[in-house]
Amino acid sequence: MHADWTAFLETQNLLDHLPKNAPCIASLSHLSVLSVTGKDAAVFLQGQTTCDINALTDSTPMLGAFCNAKGRTLSTFIIIKYEQSYLLLLTNELIDTIKKKLQMYILRADVQLDNLSDQLCITGLHNTKLTSPQPHLYSYPQHKDSFLYIAESSQSQLFCTQLIDMQAAQFVTSNAWTLLDIKSGIPWLNLETTEKFIPQMLNLDKLEGISFTKGCYTGQEIVARTHYLGKNKRALYSATCQTKMSIASGCSISEQAHPDDELGTVILSAHDIDTTHLLIVLKDQALEGKNLQLNNQNRDKITLN
């Protein structure tokens with residue numbers, strides 16, 4: 001993250017929860033930016049992503065995923081078309097891994113990959129009176145009344161300052177923004193959860209993050225087979241837990257009566273005052289259980305929403 005942007009954030013009073021029905025701004029410091037440029041960029045990405053790059057427009061970003069050859073999700077992402085280039089928003093933990101893996105497939109194609117995380121600031125906006133397209137402003141997939149603002153530090157500082165002055169917008173933490181992602185069912189992966197789930201287990205088919213008509217891409221055969229044969233036995237759910245302790249991504253889930261039988265995995269967690277909200281992947285059989293718990297230190301009980 002740019003040093004000037006970090007210094008600017010330190011001058012703000014960041015709320016750790018979402019203000020009710022009020023405009024808010026979040027620095028999405030948990031995300032990084034990978035640019036994909038070159039005359040072959042679109043063709044290259046079409047052969048690597050679950051979403052249909054050819055259907056992407058300049059004004060509407062998409063959710064999608066990269067898979068390994070076995071159809072397991074390496075990383076989810078938001079992709080933005082910017083003129084003839086593309087910006088991929090990935091979690092900080094996985095951007096280097098994804099860049100390295102994509103580099104292996106470029107061969108002689110005219111494609112350049114650049115990590116722009118030190119140059120561009122990613123800002124989330126919610127309940128603000130804005131409309132896109134505007135320079136650097138994009139709608140946020142699956143979030144109602146939410147936008148992304150992606151620009152260099154000086155532009156981002158000016159934009160946010162004006163938004164605070166004109167709309168009394170309040171800065172919130174990335175934890176507060178993660179609450180929005182959880183409520184919208186957007187599954188961000190990290191080092192603990194990468195390569196563990198096919199995209200349908202993360203509900204990416206329901207989030208319009210998978211195209212079943214675009215043609216081949218890495219892992220496509222497994223993803224398509226799961227779709228057409230209906231053999232997916234896990235899915236993504238939201239849940240809550242009454243704990244103030246941090247819950248790590250990758251924490252396993254079991255039934256209280258059978259603590260050694262793993263039934264699911266935590267994908268995301270975020271706290272909201274006295275409740276912790278979760279996105280979890282569960283086996284179908286787990287839905288029959290009435291006493292699901294986290295396999296953390298306190299064996300906290302979780303409740304499906």
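## Close-up views of loops, strands and cores

**View 1. Asn203 lies in the loop that connects α5 with α6 (220-229).** The model shown is predicted, and local features are described only where pLDDT is at least 70, side-chain atom pairs only at pLDDT 80 or more, while totals for chains, interfaces and linings use all residues. Residues are numbered from 1 along each chain as its sequence is written, and side-chain values rest on heavy atoms, with hydrogens and water left out. Helices (H or I, at least four residues) and strands (E, at least two) are DSSP runs numbered from the N terminus. Most residues other than glycine have a negative phi. Asn203, although it is not a glycine, has a positive phi of about 65°. With a relative accessible area of 13%, Asn203 is buried, a word that here means under 20%, with exposed meaning over 50% and partly exposed in between (1.4 Å probe, protein chains only).

**View 2. Asn127 sits in the loop between β7 and β8.** This residue, too, is not a glycine and yet has a positive phi, of about 60°. Its relative accessibility is 28%, and Asn127 therefore counts as partly exposed.

**View 3. Strand β9 (residues 146-151) is largely enclosed by the rest of the structure, because six of its six residues are buried.** Ser146, Leu148 and Ile150 point one way from the strand, while Phe147, Tyr149 and Ala151 point the other way, and all are buried. Strands count as paired if DSSP finds at least two bridges between them. Strand β7 (residues 121-126) pairs with β9 in the antiparallel sense over six bridges, and within this pairing Thr123 has Tyr149 of β9 as its bridge partner. Strand β8 (residues 137-139) also runs antiparallel to β9, joined to it by three bridges, and Ser139 stands opposite Phe147 of β9. The hairpin of β8 and β9 has six residues between the strands, and there Gln142 takes a positive phi near 75°.

**View 4. Strand β2 (residues 31-37) is mostly covered, with six of its seven residues buried.** Six bridges join β2 to strand β5 (residues 85-91), and these two strands run antiparallel; here Val33 stands opposite Leu89 of β5. Strand β6 (residues 112-115) also pairs with β2 in the antiparallel sense, over four bridges, and Val36 stands opposite Leu113 of β6.

**View 5. The largest nonpolar core has 67 residues.** A nonpolar core is a set of buried Ala, Val, Leu, Ile, Met, Phe, Trp, Tyr and Cys residues joined through side-chain atoms within 4.5 Å. The residues with the most contacts inside the largest core are Ile79, Leu88, Leu148, Ile150 and Ile267. If residues up to four places away in sequence are not counted, Ile150 touches Ile80, Leu87, Leu89, Leu120, Cys121, Ile122, His136 and Tyr138, where contact means heavy atoms within 4.5 Å.

**View 6. Leu137 has its place in strand β8.** This residue is at 2% relative accessibility and so counts as buried. Although Leu137 and Tyr149 are 12 residues apart along the chain, their C-alpha atoms are separated by 4.6 Å.
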